[in-house]
Amino acid sequence: HGTYFVLIDISEFLELPQFRGFTDLEFCEWMIRTIGVAAVPGSSFFREPVNHLIRLHFARSEETLNEALERLAKLPKLV
């Protein structure tokens, strides 16, 4: 009754000055370098030009997910 990933709309991030002009791939690369959390660009799942979605995978151990949450909690301070 479920899945192990979620698509997240990053449109509001892409409107910020520091991300203006970024693709979803570039945003994912920024997340890896800056936050330490990997995501997959949503554009890799669509034929249409979709650039505002990223996919997070959460079929991981509870320890790994908690670490990711701690890292993602720092996101508001970094943008």
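The chain comprises 4 helices and 3 strands, arranged along the sequence in the pattern β-α-α-β-β-α-α. With a radius of gyration of 13 Å, close to the 12 Å that the globule rule gives for 79 residues, the chain is as compact as a globular protein of that length. The model is a predicted one. Its C-alpha trace spans about 35 × 30 × 20 Å along the principal axes. Of the contacts with a separation of 6 or more, 62% join residues 24 or more positions apart.

Buried residues account for 24% of the 79 residues. The chain exposes about 5700 Å², of which 56% is supplied by carbon and sulfur atoms. Charged side chains number 8 positive and 11 negative, and the centres of the two sets lie 4 Å apart.

A search of the whole structure identified 1 salt bridge. This salt bridge joins the side chains of Glu67 and Arg71, with an N to O distance of 2.9 Å. Both residues belong to helix 3 (residues 62-73), where a spacing of 4 residues separates them by about one helical turn. Glu67 is partly exposed, at a relative accessible area of 36%, and Arg71 is likewise partly exposed, at 30%.

Asp24, located in helix 2 (residues 24-34), is buried yet forms no salt bridge. The nearest side chain of opposite charge to Asp24 is that of Arg55, 11 Å away. Beyond its neighbours within four places in sequence, Asp24 is in contact with Ile10, Pro41, Gly42, Ser43, Val50, Asn51, Leu53 and Ile54.

Definitions and conventions: Residues are numbered from 1 along each chain as its sequence is written. This is a predicted model: local features need pLDDT of at least 70, side-chain atom pairs count only at pLDDT 80 or more; totals for chains, interfaces and linings use all residues. Side-chain values use heavy atoms; hydrogens and water are left out. A salt bridge is a side-chain nitrogen of Lys or Arg within 4 Å of a carboxyl oxygen of Asp or Glu. Helices (H or I, at least four residues) and strands (E, at least two) are DSSP runs, numbered from the N terminus. Buried means under 20% relative accessible area, exposed over 50%, partly exposed in between (1.4 Å probe, protein chains only). Lys and Arg count as positive and Asp and Glu as negative; His and the chain ends are not counted. Contact means heavy atoms within 4.5 Å. The radius of gyration is taken over C-alpha atoms; the globule rule is 2.2 Å times the number of residues to the power 0.38. Accessible areas come from the Shrake-Rupley method with a 1.4 Å probe; for residues, only the protein chains shown count as cover. The place of a charge is taken as NZ of Lys, CZ of Arg, CG of Asp or CD of Glu.
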